[in-house]
Amino acid sequence: MAFLGEYSSQELLQGQLLLWHQSLGFFKSLALAVAMDLRIADAIHRLGGAATLPQIIAEAGIKIDPRNNKLRDLRRVMRALTVSGIFTVQRPASAVVAAAADGGAEAEGPVYKLTAASRLLVVGEKKSSTTTTMPTPSLTVQVQLFLETCRGSAFSRGMRAWFRPQDEQHQHQEQPAGLSPFAMACGGQTIWERAERDADAFPFDDAMASDTAFLMPIVLRECGDEVFRGLTSLVDVAGGLGGAAANIAAAFPDLKCTVLDLPQVVAKAAAGSNEKVQYVGGDMFESIPPADAVLLKWILHDWSDDECVKILKKCKQAIPPRAAGGKVIIIDMVVGSADEPSPESDVRHVETQVLFDLLIMCINGVERDELEWKKIFSEAGFHDYRIIPVLGVRSIIELYPN
C-alpha cells in the first residue's frame, strides 16, 4: 500500500471508521423503524418505564421463533438504539453477565429504560374522562413519515418481516430454519448466491478483496513480527483468492502459506495464483490441512455460535500444541461496551461496530463481544486467548491450544 508512507496506520483506520460509520447510518433508521413496528416504547412505558428484554417481548406480544434466534437479534437492535441514545440500558449490580442458552438473553438483565426521545414515541395513552390534562404529545406520526425512505427499501422490508412475519404478505408464511433477513429481501437468495449470480450489481468478492488489500499491510506493519514470526506454516481458511496469504508470504518468505477454500473458489484463484501460495480445495467443516497456525480473517462473524465451534474444533485438530507454536489467528470484531459514558470518538467506534452487527445479522452472522467469544472458544476446547486491539473496529485474537 504505497500511501502508508503518507498516513499512519491509525490515521488510515480512523478514515475507515468514518467511512463505515457514515455508510452504515441507514441501520440507525432501520433499527428505529423495527422498534416502532414492534411498539417497544409503548411496551416499556406500560411496564413502568424500565424492563428486561423478555418482559418487553411478552408485553409487546412479539412471537419469538427459537429456530431463528430472534431474541438475540432483538437484543442487537436494542443495542444499536441504546448506543444512539433512543433508549438507555442498565445492568443491575447483581447481574450475571453470561450468555444464556437461548442465545443472548442474560440471566438478570439488562434493563432498558425510556429516554426523552423514546418517551415521545409512546402512543398508547388516551385522554382520561376525569381530567382536563392533555395527553402527552407523541412524535410517532412525524417520525414514521421521516422513515418512509428507509421503509421503502427491500432490505428494510426483509428485516421488518423477520421480526413480524405475521404482518402483511408474510402473515401466513412460516419461516424455515436458516432463512435470513437478506434472503427474505432477495427472493430466498443467500448473500453467497447473490454474489455469484449478479457479481456486477453486487460485487461482494471485489469488496472483500479490497478490504484485504487495505487491512493486511496494516496488520503486518503494526504486529506482523509479533503474530507471524517463528511460524513455518500457515493455512488461511476460507482465504478466497489468496490476498491475505500473499501479503503474509511476501513479508515472511520462509513461511509456507496455504489457502483453503471451496473447490470452485480455488479453481478461480488458480488463474492468478501466487507462486508463494498453495491452494487446496476443501470444506473447513470437514477438515483443515495441518500447519503451525490457522488464519481466520473475517470468517467467523458469518456463522452461528454452533458453526463457529465446529470450525474451531477443526482448527484445533490441524495445529500442534501451544508449546510447539500452534495457534489460531482470528481477525474479527470484539464489540465494545457502550454502557458507560465515553469520549465521542469511542462512542463512534462502538456505534459503528453495533451498526455493522445489524448488517451482518441480515445474513445470520454475528459480531461478538469478548464474553460471547470466550464462550465459543471454551466450547471448542480452547481456554487461553489474547486480544490485540490494533485494527480500529476490528482486532486480532490469538487463540492457543493446550
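**View 1. An open sheet of seven strands runs in the order β6-β5-β4-β7-β8-β12-β11, with mixed pairing.** Strands β6 (277–281) and β11 (384–391) stand at the edges with a single partner strand each, so one side of each has no neighbour in the sheet. From one strand to the next, the twist averages 20 degrees. Strands here are DSSP E runs of at least two residues, helices are H or I runs of at least four, and both are numbered from the N terminus; two strands pair if DSSP finds at least two bridges between them. This is a predicted model, in which local features need pLDDT of at least 70 and side-chain atom pairs count only at pLDDT 80 or more, while totals for chains, interfaces and linings use all residues. Residues are numbered from 1 along each chain as its sequence is written, and side-chain values use heavy atoms, with hydrogens and water left out.

**View 2. Strands β4 (residues 233–237) and β5 (residues 256–261) run parallel, joined by five bridges.** Look for L234, whose bridge partner in β5 is C257.

**View 3. Two helices lie across strands of the sheet.** Helix α14 (residues 263–270) lies across β5 and β6, at about 150 degrees to β6. Helix α15 (residues 305–318) lies across β7 (293–297), β8 (327–332) and β12 (394–400), at about 155 degrees to β7. Axes are lines fitted to C-alpha atoms, for helices over the stretch in contact (heavy atoms within 4.5 Å), and angles run from 0 to 180 degrees between N-to-C directions.

**View 4. L74 touches L38, L53, I57, I62 and F163, leaving aside residues up to four places away in sequence.**
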